[in-house]
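Hello,

Here is the structure I promised to pass on to you. Have a look at it first, and then read my notes below.

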Amino acid sequence: MDKHVPFMQRALELARRGEGMTCPNPPVGAVLVQNGKIIAEGFHKKAGSPHAEVNCLRQVDGQTSKRLSSAILYVSLEPCSTTGRTPPCTDLILERDIRRVVIGCKDPNPAHAGRGIRKLRRAGVEVITGVCRKEAEALIAPFAKRMLIGLPYVTLKLGVTLDGRIADSSGKSQWITGPAARKKVQELRRAADAIMVGAGTVRADNPSLLPRPAKGRTPWRVVVGSDIPKTSNVLTDDAASRTLVVNGPLKKVLRDLAKNDVMHVVCEGGGELAASLIRAGLVDEFVIFMAPSLLGGTGFPMVGKKGWALANMPRLSFQTLEKCGEDILIRAVPVKEN
């Protein structure tokens with residue numbers, strides 16, 4: 001195993017602690033290593049607060065530059081080189097005389113991509129890039145999509161039976177999947193900037209859509225449609241000010257969310273909304289919890305009642321399959337047409 005990989009994996013692990021808190025910035029983690037041991041670490045906790053590199057290097061304040069010059073700084077994303085709400089991290093790295101920096105992936109922002117790396121190299125810093133690159137890019141995929149395309153990253157989450165039903169014939173869906181799957185869903189919610197559902201789901205289930213426990217996260221609740229009861233949890237609870245009821249083309253809805261600093265949307269159904277997102281080509285990732293059960297009959301299908309002809313059905317590529325309690329967790333992505 002590459003000697004840099006374990007330390008970059010730790011930086012990525014730290015970065016994930018900031019998911020759902022950093023928007024419009026990406027989650028980033030940093031680890032400082034000396035003589036093969038971690039001596040400091042940090043992550044970006046929320047937008048406007050110190051970046052990962054700052055939180056990491058603050059832990060070694062007072063240490064001499066001579067000592068730190070032999071250390072290696074691992075950062076999941078290319079350090080920033082411009083002044084925004086916080087000073088450039090490249091300046092701090094040079095000030096602390098860090099002479100080796102290992103980076104997971106480059107900044108996807110065309111205005112910044114590679115600038116931090118070039119600045120460090122011009123100052124004589126050895127920079128290694130691309131360590132755990134795929135994992136690092138996957139972590140910031142929502143940031144990259146919003147930055148480059150102006151749309152949030154959309155995860156479609158579905159809890160289904162083996163025969164692809166998300167509710168019985170009366171619309172009841174609680175609970176198809178088990179406790180382990182429901183716990184995983186809370187993790188998804190905490191990593192998201194917005195949770196989206198159709199109005200029918202609100203009418204049928206009256207969900208709160210808030211993560212439990214919240215751990216500081218209060219994602220937007222986005223209800224697509226109309227005619228939801230005024231007594232719905234999303235309109236009456238303590239987070240009611242972070243509920244949006246929207247209508248219109250889904251792409252415009254998502255673009256408006258992106259303009260308001262939403263990077264990652266988790267859609268939790270129902271089936272008709274899921275089908276509409278798929279037909280519009282707006283789903284980036286499928287997260288499907290499949291329970292070992294059957295409903296059959298007139299149970300609600302997972303992607304709406306109007307299907308596709310075999311010749312043009314959407315195709316997915318499985319990324320991972322794993323046991324989740326008694327259920328199976330499937331992660332898949334759409335297969336792009338040539």
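**Aromatic rings**

There is one aromatic pair in the structure (ring centres of Phe, Tyr or Trp, the last by its six-membered ring, within 6.5 Å; planes under 30 degrees apart count as stacked, over 60 as edge-to-face and the rest as tilted). Its members are phenylalanine 7 and tyrosine 74, in a tilted arrangement with 5.3 Å from centre to centre and 40° between the planes. Because phenylalanine 7 belongs to helix H1 (residues 5-16) and tyrosine 74 to strand E3 (residues 72-77), the pair ties together parts that are 67 residues apart in sequence. Helices (H or I, at least four residues) and strands (E, at least two) are DSSP runs, numbered from the N terminus. Both phenylalanine 7 and tyrosine 74 are buried (under 20% relative accessible area, with exposed meaning over 50% and partly exposed in between; 1.4 Å probe, protein chains only).

A word on the source: this is a predicted model, in which local features need pLDDT of at least 70 and side-chain atom pairs count only at pLDDT 80 or more, while totals for chains, interfaces and linings use all residues. Residues are numbered from 1 along each chain as its sequence is written, and side-chain values use heavy atoms, with hydrogens and water left out.

**Charges over rings**

Tryptophan 220 has arginine 242 over its face, 4.4 Å from the ring centre. Likewise, lysine 305 places its charged end over the ring of phenylalanine 300, at 5.7 Å from the centre. The criterion here is NZ of Lys or CZ of Arg within 6 Å of the ring centre and within 35 degrees of the ring normal.

**Backbone and loops**

One runs from cysteine 23 to proline 24, with omega near 10°, and proline 24 is in the loop between H1 and strand E1 (29-34). The other joins glycine 269 to glycine 270, also with omega near 10°; glycine 270 sits in the loop between strand E11 (264-267) and helix H12 (271-279).

Leucine 209, although not a glycine, has a positive phi of about 65°. This leucine 209 lies in the loop between helix H9 (199-205) and strand E9 (220-224) and is buried, at 1% relative accessible area. Lysine 215 is in the loop between H9 and E9 too, and its phi is positive as well, near 50°.

Best wishes
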